[in-house]
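Subject: Structure for you to look at

Hello,

Here is the structure we talked about. Please open it next to this message and follow along.

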Amino acid sequence: MKKYSLNMLLLLFAIGLLFAAHFRVIDSYIQIVVMTVGINIMMSTSLNLVNGNMGEFTCGHAAFMCVGAYVSSVLSVFCYGTKFGEPLLPAASVVIVFPVILLIGGAVAAVSSLLVSVPSFKTRDDYLAIISIAVNYMIISALENMDFIGGSRGFQGMKDTVWAMVDIFDGPWMMFWVINFTFFTVWLIRRFISSTYGKGVNAICQDEVAAEIMSVNTNKIKIINFMIAAGLAGCAGGLYAHIIGYVNPQSFNILKSTEAMVMVYLGGMGSLSGAIISAIIFTGLLEVLRSQAIVDGLLSPITFMFPDWEPSAGVIKWVLIPLLLVIVMQFRPEGIMGNRELSDVFPRLKKFYRFK
Amino acid sequence: MMAQTQTQAQAQPAPVLEIREMTQRFGGLTAVNNFNVKLEKNQLTGLIGPNGAGKTTVFNLVSGFYQPSEGRIFVNGKPTAGLKPHKVTSLGVARTFQNIRLWNDMTVLDNIRVAQHYWLGYGFFHSVFRSKHYLRREAEIAAEAEELLEVFNLQRFAGELPKNLPYGIQRKLEIARALSTHPKLLLLDEPAAGLNSADIHELIRLIRWIHERFDVSIWMIEHHMDVVMELCSQIKVVDFGQTIAEGTPDEIRNHPAVITAYLGDDKI
Amino acid sequence: MDFFIQNILNALQWGSFYALIALGYTLVYGVLRLINFAHGDIFMVGAYISFFVAGFLIGPIIGLAPALAFAVTIPLTMVLTSLVGVTLERIAYRPLRRKGAHRLYVVITALMCGLILEYSNLAVLGASRLKFPELIEKQIWSIGGVTVTNLKVMVIVTAILVFLFLQWVVTRTRIGMAMRAISYDKFAIPLMGIPIDNVIVVTFILGSGFAGLAGLLFAMSYPVLEPFMGMLIGWKAFIAAVVGGIGDIKGAFVGGFLLGFIEVGVVTFFPSTYRDLFAFTILLLILWMKPTGLFGIPQSTKI
């Protein structure tokens, strides 16, 4: 039994969270934070697959999140919303159809990743970085010009779907889905990357020429890897859209991509556990620094000298976090975990889990 | 042309490698000019020539890394034109590199395992859902890889990272990795480069042993004449992309063109 | 016909800004293989510096005549902005380079430095937009139906002069030779007795100085300053540099003007919301066809 203790612990933790949310032990703010952690874990682990394991340098991960968010939002409004006329599906089917909608969003995002993965056959590093940035801007810009889904004003109406779920059973549905999809993401990536098939990705990272000549179909593996990463980011986007109930192309701009990149490089390139840890730390930091009281406390020596200066937490947050990161980079230039996993750092941990 | 090749194949086993009138140009430079070769099964052949003669280019062309400007290459009777390198490898050509190119942050065992990528026989969904087929294949591959490490006497390094291993072991590992792709023809690009004389003696033994144990044809580029002369039954000499001589070691040793290429012309 | 010439002039002006910023990206990239993501924000800082310098010079304490103030503002802005650039290199990039950190970690650090510049500016100066003082009297020349302002001419001429100057520095001077050498082989250069850090500092001085100049000219042409003005223009200039072939002075120059022409061309024929969509799609198509940019030399893999 000991060897499953970590698995059990995680399961208990997830169930505990759901119960706590259901019985209002944790308020809706904390719930949102927990869900954001889940979405950020999905974003950072999926980007880690490309930027960490495959060693590419793409800076436009939010583009795929954007595609996923819009596709699943539009589908969800078609199926259960009233915005485009009568709902296509009976409200009772929502519990089964909702994850399918998210997966379809992910699938379309996966297909859109071809925009980046096909050029990656011929080029890598900085040129691919540019291509991915250009794709990010392109997708945002294209959505801003689509007036039937709101254009730059954004798109809403997804809450109908969430309410349809609440009508069936009054519980923290979005939390439930976020937890499920987060586990699904980590499970899928772990299984893929630990198989000999997935190790082809690492081989490409370390020596692409050798990989190709040693019988790895590098182009195919690249496409698959990009598709997995983009697909999972698309699912994350769908969840995000349904939590907030509103999407705007500008929520997925280069700043969002930067967040995902920061999580990957803070955690350490190619380390799955590092990506998860850094997603938790990063989201926590963002939320802690959102509090005006804490920011005022941190800045009290400066505001004492300049009493007229009243910085807002929302702004200072984005000075302090990058500053902190720059300092972390100076002391640990390889990220929190380097390219190791948690089980490499603490080998005794291996006794407590089996993730097969 | 295809039909003709096939009838030939039925009449007698196709040569492991056949290159017909292959030419490769880079811009204005002709790196390889009208190159012909026919390697029979189980042959140990040498390819020698001064630096910059186009030897590695020949290997790059054979392994599919470049497409030849002219001419055709057949591996076991099948044309390789237009094939990506991993496809060529799947036809039975494996190679090592002049500068060792191992995957340095993967364990030795993984290095061997990933080299079987083409023969995995399962895809993404099998790997994620851990189907029976997946588990069986992974077990087979692991067993095969461990066996390969064992016959190469590398099993004690199985969990190490290649970058932490001594140079000689890395060379050996690279050859083992190449053999893991089930080749019929093994291309060795300067296997003795950077080795000391004791290591070279061991290498000669190793190559001869591989040749017998794995039943492969070996084609090697080498600058150490004693290695080539001792191992190879046939030697091909190139200079400036041209084949200047071919024959047995004894013939090559006394071939006037070879002596000129290596030592220069004394008539100047 | 006038319509075309007018738009060509507009495109040249936009292209000049892109080119001036892209040159800075390319210089640093050419030497360090580092995408200095903070460069767009250095441009923004340059605009702010020029605002304060100009305001101070024509203000009550000094009270220079606007034209004279303009003449003094140019060098002062360039010097102060290059100080910002060099400071970034000294405190953020160099220690990482010394530690042998992965190249991408330096890139992330640069990205973070850009964010710090943007948001600390926002925190200190607030979100209110600043209006740049008019330093030189605006002159409008009409030739036929085409109107040209002296500022527009100045911007275009400056971009061309800066390009010629940098091309001269890189190809004809000792320091330029050292720069090119470093980009070929970082490890052999110190062995040849070239002080690598000094060369890098000079690179940052040149790149940031001209970003400051671009900031000044931009602030004079579009006299509204805000902390995020460097973001989009910086990214775009960077993409322009890559399309031209990053690391190549000529490429950055051509790429910048190309982007200017594409954008103005799109806006002329389509609603302006389509500008980014078309511009990025065209750039993407160029990169698909020529992955190393127009003037970039493909790095051949040797095996």
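**Where chain B meets chain A**

On chain B, 29 residues are in contact with 24 residues of chain A. Contact means that the C-beta atoms of two residues, placed from the backbone, lie within 7 Å. Four helices of chain B give two or more residues each to this side: α3 (85–91), α4 (108–114), α5 (124–129) and α6 (132–151). The largest share, 4 residues, comes from α3(B). By class, this side of chain B has 12 nonpolar, 9 polar and 8 charged residues. Here Ala, Val, Leu, Ile, Met, Phe, Trp, Tyr, Cys and Pro count as nonpolar, Asp, Glu, Lys and Arg as charged, and the others, Gly among them, as polar.

**Before you read on**

This is a predicted model, in which local features need pLDDT of at least 70 and side-chain atom pairs count only at pLDDT 80 or more, while totals for chains, interfaces and linings use all residues. Residues are numbered from 1 along each chain as its sequence is written, and chains are lettered from A and ligands numbered from 1 in the order in which they are written.

**Chain A and chain C**

This contact takes 38 residues from chain A and 38 residues from chain C. On chain A, the elements that give two or more residues are α6 (125–144), α12 (254–267) and α16 (313–331). Helix α6(A) supplies the largest share of that side, 13 residues. The chain A side divides into 29 nonpolar, 5 polar and 4 charged residues.

**Chain B as a whole**

Chain B has 11 helices and 10 strands. These are DSSP runs, numbered from the N terminus: helices are H or I with at least four residues, strands are E with at least two. The radius of gyration of chain B is 20 Å, close to the 18 Å that the globule rule gives for 268 residues, so chain B is as compact as a globular protein of that length. That radius is taken over C-alpha atoms, and the rule is 2.2 Å times the number of residues to the power 0.38. Of the 268 residues, 43% count as buried, with 20 or more other C-beta atoms within 10 Å of their own C-beta.

**The sheet in chain B**

An open sheet of 6 strands runs in the order β6-β7-β8-β3-β9-β10 (chain B), with mixed pairing. Strands pair if DSSP finds at least two bridges between them. The edges are β6 (93–95) and β10 (242–247) of chain B, each pairing on one side only. Parallel strands β3 (residues 44–48) and β9 (residues 234–239) of chain B are joined by 4 bridges. Which residue is the bridge partner of G46(B) in β9(B)? The partner is I235(B). Helix α11 (residues 256–263) of chain B packs on the sheet and touches β9 and β10 of chain B.

**Two domains in chain B**

Chain B is divided into domain 1 (15–103 + 168–263) and domain 2 (106–160). The bounds come from an automatic or database domain assignment. The domain centres, taken over C-alpha atoms, are separated by 27 Å. In chain B, 14 residues of domain 1 are in contact with 14 residues of domain 2. On the domain 1 side, α3 and α7 (167–179) of chain B each supply at least two residues. Helix α7(B) gives the most, with 6 residues. That side has 6 nonpolar, 6 polar and 2 charged residues.

Best wishes

Methods:
A residue is buried if 20 or more other C-beta atoms lie within 10 Å of its own, exposed if 12 or fewer, and partly exposed in between; C-beta atoms are placed from the backbone. Axes are lines fitted to C-alpha atoms, for helices over the stretch in contact, and angles run from 0 to 180 degrees between N-to-C directions.
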